[in-house]
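Here are my notes for your first look through this one. Keep the viewer open and follow along point by point.

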Amino acid sequence: MQRLILKRLGLMVVMLLGLAVITFTVANIAPGDPARLAAGPDASPDMVEKIRVERGFDRALPVRFGLYLGQLAQGDLGTSVYTGRPVAQDIAVFLPATIELVLFSILIAVVLGVPFGVLAAVWQNHLPDHAIRFLSVSGVALPMFWLGLMLQWYLSLELGLFPLGGRLGTFDDVPTTITGMISIDALLVGDLATAGTALMHMVLPATALSFPALAAIIRVNRAEMLEVLGRDYVVNARAQGIGPFRIIAIYALKNAILPTLAMIGLRFGWMLGGTVLVESVFDFPGIGLYAAKAAISSDFEPIMAVTLILGAAFMLTNLLIDLMYALLDPRVRNQI
Amino acid sequence: MKFWKITSALALSLGVALSAPAGAVEKRDGKFWMVLGGRQPVSHVDPGQAYDYAVRMMTQALYDGLVKYSGDPPKVEPWLATDWTTSDDGLVWTFNLAPEARFNNGDPVTADAVVYSYQRVLKLNEGAAWMLSDVLSAENIKALDEHTVEFTLDRPYAPFLSFLPWWFIVNPAEVETHVTDEDYGKAWLSENAAGSGPYTLEKFDQGTAYWLKRNPDYWKGFPYDDEKMGGVIYRLIRETSSQRAALLSGEADMVTDLTPEELEIVGQRPDINVSSTPALTSFGIKMNTQGQYMSDINLRKAVAYAFDYETFVQVYNGNATLQTSAFTDAIKGKVDIDMPRKDMEKAREYLSKSQWPDGGITLEYVYVQGLEQQRQMGLALLNSLRELNIELEMTPLTWPNMVARAADAGESPDLMSIFTTPVSTDPDAVAVQYHPSSQGKYYGSHFLEDDELIEMIEKARKLSDWDERAPIYAEIQQRIVDLQPEIFGMMRQRMFAYKTYVKGYEDSPIRMTSEVDIYPLYIQP
């Protein structure tokens with residue numbers, strides 16, 4: 001197991017290097033002059049040139065890449081041309097917000113998706129199955145952005161059940177930063193009211209964000225459950241008079257959950273990089289909005305940093321899922 | 001047991017949050033705090049660095065300049081400077097400072113602070129530096145005594161005063177203690193303020209909200225008596241639909257970027273006031289006068305006469321006014337010119353005189369990706385040009401890509417839709433857009449070069465006497481229109497919506513499209 005982890009971590013470094021090369025090349029061959037944008041629309045040519053030299057945009061691409069790698073090796077993610085702030089400082093603020101939102105979304109997707117998948121399989125071609133399949137098709141078909149706007153309009157503006165956006169109310173005090181995830185930090189310091197407010201602020205964006213993942217989990221879990229429920233050992237268990245709940249929840253689900261687990265891992269990675277639309281609708285200050293703003297402004301170093309961090313998160317999540325596979329399935333464990 | 005206790009407490013707090021009122025006027029420490037919802041993040045609050053409307057809105061609240069723009073038409077009014085004189089040759093400008101002016105930490109605002117602040121911007125060579133760096137050297141700014149400062153220009157420059165409202169005075173004592181690596185305090189001033197303005201910076205929560213606390217002891221006082229005004233929070237609300245929702249629910253008291261459709265909807269509410277007034281901002285479709293096709297003035301004229309100008313107004317639901325000159329209405333010395341309007345007969349006449357009398361060419365129209373109004377204008381142009389047997393290829397680009405293409409005459413498209421906002425009401429601020437010195441900047445994407453025009457622009461900016469300048473600018477406007485470097489479009493309105501309890505809103509076309517002067521605003525429920 002240790003060998004597997006070390007091997008995978010080694011591969012991760014190589015893949016991240018590859019990702020850095022690709023992102024760096026794409027970011028630099030794309031049209032757009034970051035120095036001009038940073039200098040402002042009216043800046044004179046010498047003002048633009050000053051920024052170009054200061055930020056090293058005048059150097060040859062390989063030199064810049066070498067310098068960038070050296071900088072990365074020291075843990076320096078660079079400085080935003082647009083805000084002048086260290087990228088690491090920005091990411092320390094925005095990434096935990098997105099992780100918090102994505103975790104909450106995954107929680108919603110798993111808590112609803114797995115039981116719905118099981119129910120749909122058990123009641124195949126009956127009313128619950130039709131209803132759940134309708135839900136899962138909607139999850140794939142409805143654009144997150146539109147769903148977010150509808151949730152905001154109806155549940156927030158019309159019914160006043162949830163806040164419109166943000167991570168906390170304008171006048172709420174932010175708890176002491178420990179993880180950067182407000183609900184977790186508030187719980188850690190025993191501030192339950194703030195934790196509740198933070199969760200309330202996440203309900204709508206997390207619901208909108210979780211919908212595609214919910215749909216995918218339902219469909220995969222339903223298909224796996226249908227396959228597993230038809231296997232000999234399940235028939236055998238039924239013949240032995242074991243109760244249906246035990247057969248479904250213990251014997252069948254344990255085997256059907258493995259592909260769902262892989263799906264959750266993949267979705268987590270996708271969600272981390274795909275929150276921008278939901279963050280935009282709900283003004284949730286996360287990494288998606290930060291990256292989008294950087295991309296619009298041709299702000300190179302934040303784009304690079306976000307890509308690398310999301311890439312690493314994606315790879316780590318997949319490693320974790322593989323390890324969980326090994327824990328749950330002795331056949332996989334024995335192959336390692 | 002502990003798990004259930006925590007769960008119950010969380011459920012209770014969720015319930016409290018659920019039952020909380022959707023929003024009203026927010027009070028904090030017994031004072032009103034106004035929430036202003038805008039879409040543009042504040043990248044920093046340093047008056048010496050690059051600015052956009054969000055930065056400028058904040059720096060105006062935190063700092064004072066020697067003079068300030070206000071009113072409609074915009075006028076330069078004394079602020080830190082009580083009065084000023086100019087030498088006969090227009091080179092020496094002397095300003096007397098208000099002796100009672102104080103920085104927010106209590107230090108007096110002195111002539112030395114003015115010298116320091118101007119020199120800082122010129123040495124940094126960022127932000128507002130471009131306005132004066134060609135005519136003012138750092139060593140030619142001098143403090144004559146504690147309250148008198150003198151600027152000696154390298155050459156006469158009539159628009160000098162019109163740029164000063166954007167040069168803010170920082171407290172040297174505070175800045176100098178935070179200088180690192182000879183950065184002129186840039187790093188510190190990005191998220192801290194050292195000014196004498198009506199507000200202080202309470203919180204800079206990047207990506208979320210920026211808190212300005214009213215300074216009740218502001219040396220110049222406030223234009224209202226209500227001491228209950230506590231501060232203003234500029235909160236980021238990125239989607240216009242979310243802005244509308246925030247205003248309706250009371251989570252925002254004022255919003256700055258509503259679309260014409262949104263403005264119409266919220267304007268029907270009795271508890272909301274809307275304001276839609278012409279801005280200094282103009283919209284035009286620039287033609288690359290050095291390009292393969294648009295270098296032909298007859299083709300430019302043909303395109304200009306083929307366009308249906310009513311489209312400009314229609315796509316903004318009437319919240320726009322057609323330009324009646326190359327200068328927008330609030331620019332000093334603007335005169336009405338006989339502008340091209342849709343006339344297919346004239347369009348065909350000009351086309352017949354061009355190198356492509358039968359059309360048969362394809363022009364490229366570039367616009368900002370995602371800006372629906374600009375796309376609609378492109379579609380209108382496409383329809384018009386088909387009548388001339390000219391095809392239009394519509395290319396949506398991100399703003400950085402547009403700026404990159406606009407920088408080079410060889411790369412610049414045939415037609416590019418551009419909003420332009422001058423920072424001054426002096427006619428030179430617009431005239432210079434048609435001077436070769438603007439080439440490379442996005443608004444210079446027409447790459448116009450006309451000797452007669454250049455001579456007039458350079459002559460007019462050196463004259464101090466307005467009576468001498470005015471007729472030249474009238475000629476300049478006519479000349480620009482005659483040369484047709486763009487389809488002269490419209491002045492887009494500045495559109496704001498705010499709760500009726502928000503008082504003191506003052507409009508001035510000098511402000512950028514979404515910029516508000518925070519100083520006079522207050523809340524009176």
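1. Let's start where the two chains meet, remembering that this is a predicted model. On chain B, 50 residues are in contact with 50 residues of chain A. If you sort the residues on the chain B side by class, you get 25 nonpolar, 16 polar and nine charged. Several elements of chain B each supply at least two residues to that side, including helix H1 (2–19), strand S11 (229–236), helix H8 (240–249) and helix H14 (399–406).

2. Now stay in chain B and find the open sheet. Its four strands come in the order S5-S6-S8-S7, with antiparallel pairing. Strand S5 (81–86) and strand S7 (136–145) of chain B are the edge strands, and each pairs on one side only. On average, neighbouring strands here are turned by 20° against each other, direction ignored.

3. What packs on this sheet? Have a look at helix H3 (residues 111–124) of chain B, which touches S6, S7 and strand S8 (148–153) of chain B. The direction of H3 makes about 175° with that of S7(B). One pair to click on is Ala81(B), which stands opposite Leu97(B) in S6(B).

4. Next, strand S18 (residues 486–499) of chain B. Is S18(B) mostly covered or mostly open? Mostly covered: 14 of its 14 residues are buried. Strand S13 (residues 272–287) of chain B runs antiparallel to S18(B), with 12 bridges joining them, and Ile285(B) has Ile487(B) as its bridge partner in S18(B). Strand S14 (residues 320–322) of chain B is also antiparallel to S18(B), through three bridges; there, Thr321(B) is partnered by Met491(B). Strand S12 (residues 254–255) of chain B pairs with S18(B) in the antiparallel sense too, over two bridges, and Met254(B) stands opposite Tyr498(B).

5. Finally, hop over to chain A for a pair of helices. The axes of helix H9 (residues 192–229) and helix H11 (residues 244–273) of chain A come within 9 Å and cross at roughly 155°. So H9(A) is roughly antiparallel to H11(A). H9(A) passes H11(A) in a right-handed crossing.

6. Who meets whom between those helices? Among the residues on the H9(A) side are Leu209(A), Ala213(A) and Ile217(A), while the H11(A) side includes Pro259(A), Met263(A) and Ile264(A). By class, the contact of H9(A) with H11(A) has 14 nonpolar, three polar and two charged residues.

Notes:
Residues are numbered from 1 along each chain as its sequence is written. Chains are lettered from A and ligands numbered from 1 in the order in which they are written. This is a predicted model: local features need pLDDT of at least 70, side-chain atom pairs count only at pLDDT 80 or more; totals for chains, interfaces and linings use all residues. Two strands pair if DSSP finds at least two bridges between them. Axes are lines fitted to C-alpha atoms, for helices over the stretch in contact, and angles run from 0 to 180 degrees between N-to-C directions. Two residues are in contact if their C-beta atoms, placed from the backbone, lie within 7 Å. Ala, Val, Leu, Ile, Met, Phe, Trp, Tyr, Cys and Pro count as nonpolar, Asp, Glu, Lys and Arg as charged, and the others, Gly among them, as polar. Angles under 35 degrees count as roughly parallel, over 145 as roughly antiparallel, 65 to 115 as roughly perpendicular and the rest as oblique. A crossing is left-handed if the near helix is turned anticlockwise from the far one by less than a right angle, and right-handed if clockwise. A residue is buried if 20 or more other C-beta atoms lie within 10 Å of its own, exposed if 12 or fewer, and partly exposed in between; C-beta atoms are placed from the backbone.
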